[in-house]
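Okay, thanks for coming, everyone.

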Amino acid sequence: MNAPTTTHYPAAPTAQKPETHTLSVLVDNEPGVLARVIGLFSGRGYNIESLTVSETEHRAHLSLITLVTTGTPMVIEQIKNQLDRLVPVHHVADMTLAGNSIERELAMVKIKGKGETRVEALRLADAFRARVIDATTESFVFEITGKSDKIEQFIELMLPLGLIEVARTGIAAIARGPEGM
Amino acid sequence: MTREMTGAEMVIEALADQGVKHLFGYPGGAVLPIYDAIFAQDKVRHVLVRHEQGAVHAAEGYARSTGKVGCVLVTSGPGATNAVTGLTDALCDSIPIVCITGQVPTHLIGNDAFQECDTVGITRPCTKYNYLVKRIEDLPRALHEAFHIAASGRPGPVVVDIPKDIQFATGVYSKPKDFAHTGYKPKVKGDIEKIKQAVELMAHAKRPLFYTGGGVVNSGRAASELLRELVKLTGFPITSTLMGLGAYPGTDKQWLGMLGMHGTLEANMAMHDCDVMVCIGARFDDRITGRIDAFSPGSKKIHVDIDPSSINKNIHVDVPIVGDCAHVLEDMVRLWRTEARHADKKAMGEWWKQIDKWRARKSLAYRGSNEVIKPQYAIQRLYELTKDRDTYITTEVGQHQMWAAQFYGFTEPNRWMTSGGLGTMGYGLPASVGVQMAHPKSLVIDIAGEASVLMTMQEISTAVQYRLPVKIFILNNQYMGMVRQWQELLHGGRYSESYSEALPDFVKLAEAYHAHGIRCQKPGDLDHAIKEMIDVDKPVLFDCVVDPKENCFPMIPSGRAHNEMILGDAGVSVEEAITEEGKVMV
């Protein structure tokens, strides 16, 4: 970037290394909450890499938003503070910082093929503990659950075997041990 | 042309490539590099406004009177937030605008920097589309796409937010040949089967009616020509919304006048009683429909609109046609001719006889006066004295706007600039500045109210600076007239805060701005004063002192149907005419 002297803005700080963090955000399940959370990201130039939302406590009308974002430690800290400041947000937990969380994602992977590639796809699916949830004489849909990198790896392997389409849920995360959020 | 340049230079290059001649704007810290680029060239002329809202309204006036895209340049933070009213106005009235906003450098975005605001966040709901350009490589494409999106399909405002470091950065500029958004493909040509169905319905109609809107004007000159041809071919009566005035000549005998809340009796009764309604480029707005469940109960409805989301939004229609008005009208005209269609002569004769009965009620009639200027009379005289000239009319919002729509006979499209959807007081003066910039030799008049015009009065300074001889014709009734009218009808005549207290002396105000001021208080002096206004080669503030108690009739009270209008002389107590639910609807 140019650093012209003809500006009244301070220069960019020397770069810290960007990190990827998984955040769990407990919010009121009311209209517009998701828009507020996402608007905060787009408005301030933060990235969302994965986003999962669902109501988790029906009676209390609470939803859990799990999102994965990348930024310098300063930016991550700022994101958490900004999220926490939103009125309908109850709690923000940095699962990456806590370091004791389990993360899972579900993907459905559609393969088209015949003969040997079809058999090979089935064999690999078995190795990855993926289940067949739909089958025709020339296609399969696999369901696979696991960490994101495992899913990535599975998709990579399916690519030459006739991969047609992938649908992923995004990450859901929870802390280990007896404590709640 | 492909060459290396700064982001700021790309902005000007792209505007010039798009054929932009005028740019309405206001400088500030986050757009200084662009102003530097403006300084170094003479392809695009910058017009310095006095407030960013004025910049957008001026660009709207420019766009509506020329059919081109209007361009705006404002700084970050307050520059962008001040533009929001104008952008929303352009969105509501489907006006093509490209608004370039400066932004703090990319590394400060989200840091609450000086004059920072979340421009794309704030303008998302009030633009057709918006961009935050964070890489210099993306800038040329974003700029050119902005013009494409603003002007195509249903037009609207597009914001391009450019951080200051991107304006300084250098990159390669070229005009992209293709369009990146594959999902954005407005449908221009209407489904021919649907159009055939429509023509079939029209040919068998007993009591048909054309109901047209701003879409016809937006579609371009050809659409108005084709509409005129189709109306003549069929012999059907035609009415239009506020936005569509001028697409069909208001002086023609098939013209019923404007419809809706302050439309004519004949237009609204024809809407209620018709058996085939041909809606072209209008959107069944609540000012038009009145009570939804009593809206034109016996008609088959044909709806031509380029925006699929406008169809079946408020009113269920029988034949929806998604397409551009000019294209669909062309098909309709061709089918009507080639299939040798003709309207049912006998039925049409009876229909026109009925319409003439409604016309005989003279719903726009008002009580004249020799003592005090009636606002309706002022518009009538203004019309008579300017109709043979090359005239453009803008308005503010309120009673004067409705009287202008009722009493000024518009005969051409793109001659009538008014804030219809959003109803923005303060629109007319800056809009007239934009219109005059585009048509320096024409007569440009802002029909104003004394309350509205004070909201953006500062733009008279812009008019003076650029020697734009706009005429601000103020119907001064010393009230926010429409507010007062509603308070009279709905709130027991308790005129809470609607009196224009402590008004300035508009003649002296004009002089203070180095403009020309005229005051007229007697009906007998009006013609002479209007002639003076026209002849002065300067911006004019015309203080036309009118009857402060005059109300705008006819009127469909809220919550009522088209056949439940109140007429000015009908003697109906207006309180009786409005139901409790109606009061809530406003």
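This is a predicted model: local features need pLDDT of at least 70, side-chain atom pairs count only at pLDDT 80 or more; totals for chains, interfaces and linings use all residues.

Residues are numbered from 1 along each chain as its sequence is written, with chains lettered from A and ligands numbered from 1 in the order in which they are written.

Helices and strands here are DSSP runs numbered from the N terminus, helices being H or I with at least four residues and strands being E with at least two. Axes are lines fitted to C-alpha atoms, for helices over the stretch in contact, and the angles run from 0 to 180 degrees between N-to-C directions.

So, chain B. Take helix 3, residues 52-66, and helix 4, residues 78-92, of chain B: they pack at about 30°, and their axes are 7 Å apart. Helix 3 and helix 4 of chain B are therefore roughly parallel.

Who touches whom? By contact I mean that the C-beta atoms of two residues, placed from the backbone, lie within 7 Å. From helix 3 of chain B we get residues including Glu52(B), Val56(B) and Glu60(B), and from helix 4 of chain B residues including Gly79(B), Leu87(B) and Asp89(B). Sorted by class, this contact has 5 nonpolar, 6 polar and 3 charged residues. For the classes, Ala, Val, Leu, Ile, Met, Phe, Trp, Tyr, Cys and Pro are nonpolar, Asp, Glu, Lys and Arg are charged, and the others, Gly among them, are polar.

Now another pair in chain B. Helix 8, residues 192-203, and helix 13, residues 325-338, pack at about 55°, with the axes 10 Å apart. That makes helix 8 of chain B oblique to helix 13 of chain B. This crossing is right-handed too. Ile192(B), Ile195(B), Lys196(B), Ala198(B) and Val199(B) of helix 8 meet Val328(B), Asp331(B), Met332(B), Leu335(B) and Trp336(B) of helix 13.

Next, a sheet. In chain B, 6 strands make an open sheet in the order 11-10-9-12-13-14, with parallel pairing; for two strands to pair, DSSP has to find at least two bridges between them. Strand 11 (255-258) and strand 14 (319-322) of chain B are at the edges with a single partner each, so one side of each has no neighbour in the sheet. On average, neighbouring strands are turned by 15° against each other, ignoring direction. Zooming in, strand 12 (276-280) and strand 13 (300-305) of chain B pair over 5 bridges, and one to click on is Cys279(B), whose bridge partner in strand 13 is His303(B). Helix 11 (265-273) of chain B packs on the sheet, touching strands 9, 10 and 11 of chain B, and its direction makes about 105° with that of strand 11.

Zooming out, to domains, whose bounds come from an automatic or database domain assignment. For chain B that gives domain 1 (3-173), domain 2 (192-359) and domain 3 (375-545). The C-alpha centres of domains 2 and 3 of chain B lie 31 Å apart, and 14 residues of domain 2 are in contact with 13 residues of domain 3. On the domain 2 side, helix 9 (214-218) and helix 10 (221-234) of chain B are the elements that give two or more residues.

Chain A splits into domain 1 (19-99) and domain 2 (102-175). Their C-alpha centres are 28 Å apart, and 9 residues of domain 1 are in contact with 7 of domain 2. Between the chains, the contact takes 13 residues from chain A and 16 from chain B.

The peptide bond from Phe553(B) to Pro554(B) is cis, with omega near -5°, and Pro554(B) is in the loop between strand 20 and helix 23 of chain B. Over in chain A, Arg129(A) has a positive phi of about 55° despite not being a glycine, and Arg129(A) is in the loop between helix 4 and strand 6 of chain A.

Conventions
Angles under 35 degrees count as roughly parallel, over 145 as roughly antiparallel, 65 to 115 as roughly perpendicular and the rest as oblique. A crossing is left-handed if the near helix is turned anticlockwise from the far one by less than a right angle, and right-handed if clockwise.
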